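Q: Could you pick one spot in this protein and take a close look at it with me? I would also like to see how that spot sits against the chain as a whole.

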Amino acid sequence: MRRDRHQGRLQGQRRLRQLVRPGPGVPVRRPGGRPGDSATVRFRFSTRKGKTLGASTRVVVGEPVVTVRTTKVFEDVAPGSVLRTPVVVRNTGEVPVRGVGLRIAVGSGLAFEERYGNCRYPQAQKDHLAVCEFPRLRIAPGKAVVLRPGLALDVATTDMYTSFHQEAWALDMGPARYSVVPGGGEPGDGPRLTTGAARAPDLTGTFAGGDVWSEVRVDTYADYEVFGVEVSGRRGSEHTVRLKVRNKGPATPGSTTLLFTPPESATVVKQPMEAIDEDVYEPYCDLDKGTYSCLVQGGLAPGESRTFEFGIRLGGPSEGSMRVTDTDGPGRRDPDPADDTAPVTVLP
């Protein structure tokens, strides 16, 4: 309830006092009040010039809580296939849902098999974002509906890991806090989504509100390799060593890291740098206990390679190493890990 910043005089109805009592910042239900009970709050206020104005708002005991069925991980999805999954929306609140909004966002490596006729697709994200509204949909407390046809997503052949997001909300309440639902967009040219009562199989699993995230792991791999380096020269001379990482495919993994341990007798005098501001640079690789850790950002597409250049000063024959390792997540499923490691040798 809001007061005029100049002068306010609140006049609540007797019915409201029977339904709610003041709480810490918001009204709360009085004992005996039932979900769905409502009352109208009318208030009047006067401006500094003496003009009296009025307004009203409706207070309802309870609220709808809109959730969607979650699947945290889809394992071993075939590359180039169509991933199909139902969209199930449930009301876990105390009062009916009157109108539902739905946002479906898919990551790189996934695309909508078809664009539904009653959803809109913002131009900049038309292959990866759908926003749908069902203003006439009603969901009673504890009940659920399933959307037909179910969600169908085309799976790329070169991405090992991707994801998609779902979020549903009551239209009269709006999306969850911090959620971003862009406006605009053209309607799809495919079939219209319809809704029907959910059956027992649709209700298996867990339901969650807000932005629900699902990971998709594709049944493929990425074969990385590194190449040995040999350096020779007089003691004290400086040389450039080029550490090359290549992805032999067939897929693009997540981020990987090159670990470089210099030969024991060599001194690193130059390393890869990155710009952090105009004419300001810092080392690209982290140094920990004599090993340089260089992130191969975003992974490498099949057939691509990346080279890191280090300058070293020779101090005598010795051997170091380089190897690639997965930065985080499930990994590359590399079928030939032997070529993930190679020596860096200073010859006599």
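A: Happy to! Buried here means under 20% relative accessible area, exposed means over 50%, and partly exposed lies in between (1.4 Å probe, protein chains only). On that scale, 39% of the 348 residues in the protein are buried. This is a predicted model, where local features need pLDDT of at least 70 and side-chain atom pairs count only at pLDDT 80 or more, while totals for chains, interfaces and linings use all residues. Residues are numbered from 1 along each chain as its sequence is written, and side-chain values use heavy atoms, leaving out hydrogens and water.

Our spot is lysine 126, in the loop that runs between strand S12 (119-121) and strand S13 (129-139). With a relative accessible area of 35%, lysine 126 counts as partly exposed. Once its neighbours within four places in sequence are set aside, lysine 126 touches Phe112, Arg115 and Tyr121. Tyr121 falls within the span of strand S12 (119-121). For another reference point, take alanine 105: 21 residues separate it from lysine 126 in sequence, and their C-alpha atoms are 9.8 Å apart.

Definitions and conventions
Helices (H or I, at least four residues) and strands (E, at least two) are DSSP runs, numbered from the N terminus. Contact means heavy atoms within 4.5 Å.
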